[in-house]
Amino acid sequence: MERRKGQVNINMTDEELLQGMAAGDQASFEALVHRYNAPLYGFLQRQLKDPGRAEDFVQETFLRLIRQLKERKPPDNVQAWLYRVALNLCRDYWKSAHNRNVQTSFAEPPEQRDTTPSVVELAERQETRKEVQQSLDSLPDVQKEIITLRFYQDLKLQDIADIVSLPLGSVKTHLYNGLRKLKSRLHPDTIVAADAKGGGRK
């Protein structure tokens, strides 16, 4: 049955929503925003640690999608396209000397204010999250980006390769090396033991 303008459902594919958007269907645009707004915001917040800027970059990402549809052909993989645009916004932001200075103030992740009564388990979880985030922040940018996209955004490796503009093999190598560094920083004894067992393989 032919879909009329303004009719969308949650089972529509990204391609169908893009077609609707290209035809000027506001409902298709809203459905696509609903699908990707929260994941993009989560990714950007994790990269920037600045809720306001993350929100701005999400809006800019969707604006660029609208321009893309007006001026060029629709992206083949809109999910990868959206993350690539969002990541490039982050990279441009970090490149400026001013923002590089601002970035150093983000070295310490903001504490999550807990208004509930103090609970040891919650404190331990918070400490663990902070430790993981600090270790993640200490990785080279490309490794941090790939690990975030894979494990926080649950994206496929091929999509990640499209987003970071690297061959799939390079993505796998960065992922392996990044995870190994994370493990060594979070559980140094495990790596030492594994190296001893495996003859110090690198």
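The structure is a predicted model, in which local features need pLDDT of at least 70 and side-chain atom pairs count only at pLDDT 80 or more, whereas totals for chains, interfaces and linings use all residues. Residues are numbered from 1 along each chain as its sequence is written, and side-chain values use heavy atoms, with hydrogens and water left out.

The protein has 10 helices and 0 strands, where helices (H or I, at least four residues) and strands (E, at least two) are DSSP runs numbered from the N terminus. Along the sequence the pattern is accordingly written α-α-α-α-α-α-α-α-α-α. Of its 202 residues, 33% count as buried; buried means under 20% relative accessible area, exposed over 50%, and partly exposed in between, with a 1.4 Å probe and protein chains only. Among contacts (heavy atoms within 4.5 Å) with a separation of 6 or more, 54% are between residues 24 or more positions apart.

In soluble globular proteins, nonpolar side chains tend to be buried together. A nonpolar core is here a set of buried Ala, Val, Leu, Ile, Met, Phe, Trp, Tyr and Cys residues joined through side-chain atoms within 4.5 Å. The largest such core has 42 residues, and Leu44 and Leu65 touch the most other members. Two or more residues of this core come from each of α1 (14-22), α2 (26-48), α3, α4 (78-95), α7 (141-152), α8 and α9. The largest share, 12 residues, is given by α4. With residues up to four places away in sequence not counted, Leu65 touches Leu18, Met21, Leu32, Pro75, Val78, Trp81 and Leu82.

Thr61 is placed in helix α3 (residues 51-71) and counts as buried because its relative accessibility is 0%. A polar atom of the Thr61 side chain lies 2.7 Å from the backbone oxygen of Phe57. This separation can be set against the criterion for a polar contact, a pair of N or O atoms within 3.5 Å; within protein, one atom must be able to donate a hydrogen and the other to accept it, and residues adjacent in sequence count only if both atoms are side-chain atoms. Apart from residues up to four places away in sequence, Thr61 touches Leu40, Trp81, Leu82, Val85, Ala86 and Leu89.

Gln47, found in helix α2, is likewise assigned as buried, because its relative accessibility is 3%. Leaving aside neighbours within four places in sequence, Gln47 is in contact with Cys90, Trp94, Lys144, Glu145 and Thr148.

Two packed helices are described by the angle between their axes and the distance between the axes. Helix α8 (residues 157-164) and helix α9 (residues 168-186) pack at an angle of about 100 degrees, with axes 9 Å apart. Axes are lines fitted to C-alpha atoms, for helices over the stretch in contact, and angles run from 0 to 180 degrees between N-to-C directions. The two helices α8 and α9 are therefore roughly perpendicular, a class that covers 65 to 115 degrees, while angles under 35 degrees count as roughly parallel, over 145 as roughly antiparallel and the rest as oblique. The contact is made by Leu157, Gln158, Ile160, Ala161 and Val164 of α8 together with Leu168, Val171, Lys172 and Leu175 of α9. By class, 7 of these residues are nonpolar, 1 is polar and 1 is charged. In this scheme Ala, Val, Leu, Ile, Met, Phe, Trp, Tyr, Cys and Pro count as nonpolar, Asp, Glu, Lys and Arg as charged, and the others, Gly among them, as polar.

Leu139 and Leu179 are 40 residues apart along the chain, and their C-alpha atoms are separated by 9.6 Å. The residues touched by Leu139, not counting those up to four places away in sequence, are Lys144, Ile147, Gly178, Lys181, Leu182 and Arg185. Met12 is found in the segment before α1 and counts as buried at 6% relative accessibility. Met12 and Ser28, 16 residues apart in sequence, are 9.3 Å apart in space, C-alpha to C-alpha.

Most residues other than glycine have a negative phi. Asp154, in the loop between α7 and α8, has a positive phi near 60 degrees and counts as exposed at 61% relative accessibility. Ser165, in the loop between α8 and α9, also has a positive phi, of about 60 degrees, and counts as exposed at 56% relative accessibility.
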